[in-house]
Amino acid sequence: MTDSSISVPENITFEQGIEITQLLLNKLEENSLPEAEIEKVITELVKTQNGARGFFVTYLTDARSCFDQPIVSIIQALETSPEIVSDLLVKNVAMSAAMVVYHHRHNNLEMQESSQQVVQRSSNLIQQLNFSPLRSRLQQLLNSVQTGAGIYQDFLERWEYDSEQLAAIVKSLERLL
């Protein structure tokens, strides 16, 4: 094991996922990790729900513009866990689109821009990932928004989105379908 390697615990917590991703992003920005190591770490992160959630919450919200367009090793790593990645990316697009509306209403431009960044980064990843669970999840969430039923209805009800937020979610999803 070299000094630059990052290990991912088998029973990773959400908090560890965040910490490991922060370390990974710092090393990515410094160009101090080989592509194979980047792919290995992200693959390990996204094979569990906690690791994947930690990765996405950190990667999607990081303020550095160098992460706006994902590198090949990130895409390849995300492709190793299509079910977990699909569910989280689709929910991230929806939640962030709704939060853009919320922050706009409350005149919080900084948070509105941050939420818009998450929509954009999530959308970029979705457009580059090519697996059927992702397209299926996008369609299922769109159906839940439009019909008030389906597998994402509990998710939508939990966050109590109003009609303007739901319209923003639909707009984001339709761009991706």
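**Close-up views around helix α7**

**View 1. The end of helix α7.** In this predicted model, α7 is followed by G148, a residue whose phi is positive, near 75°. Helix α7 itself covers residues 132-147. At 1.5 Å a residue, its 16 residues should span 22 Å, and the end C-alpha atoms are 22 Å apart, so the two values agree.

**View 2. The buried face of α7.** Look here for P133, L134, R137, L138, L141, L142, S144 and V145, the buried residues of the helix. An α-helix has 3.6 residues a turn, so residues three or four places apart point the same way. What covers the buried residues of α7 includes α5 (82-105) and α6 (109-128), along with α8 (153-159) and α9 (163-176).

View 3. R137 lies in helix α7. Is this arginine buried or exposed? R137 has a relative accessible area of 18%, and because the cut-off for buried is under 20%, R137 counts as buried. Leaving aside residues up to four places away in sequence, R137 touches E83, S86, D87, V90 and Y152. With Y152 there is also a polar contact, side chain to side chain, at 3.4 Å.

**View 4. Stepping back to the whole chain.** The chain has 9 helices and 0 strands. For 177 residues, a compact globule would have a radius of gyration near 16 Å, and the chain agrees with its 16 Å. Its C-alpha atoms fill a box of roughly 50 × 35 × 25 Å along the principal axes. Of the 177 residues, 48% count as buried. Among contacts between residues at least 6 apart in sequence, 73% join residues at least 24 apart.

Technical notes: Residues numbered from 1 in each chain as written. Predicted model: local features only at pLDDT ≥ 70, side-chain atom pairs only at ≥ 80, totals over all residues. Heavy atoms only, no water. Helix = DSSP H or I, 4+ residues; strand = E, 2+ residues; numbered from the N terminus. Expected span 1.5 Å × (residues − 1). Buried < 20%, exposed > 50% of the residue type's maximum accessible area, 1.4 Å probe, protein only. Contact = heavy atoms within 4.5 Å. Polar contact = N/O pair within 3.5 Å; in protein donor to acceptor, adjacent residues only side chain to side chain. Rg over C-alpha atoms; globule rule 2.2 N^0.38 Å.
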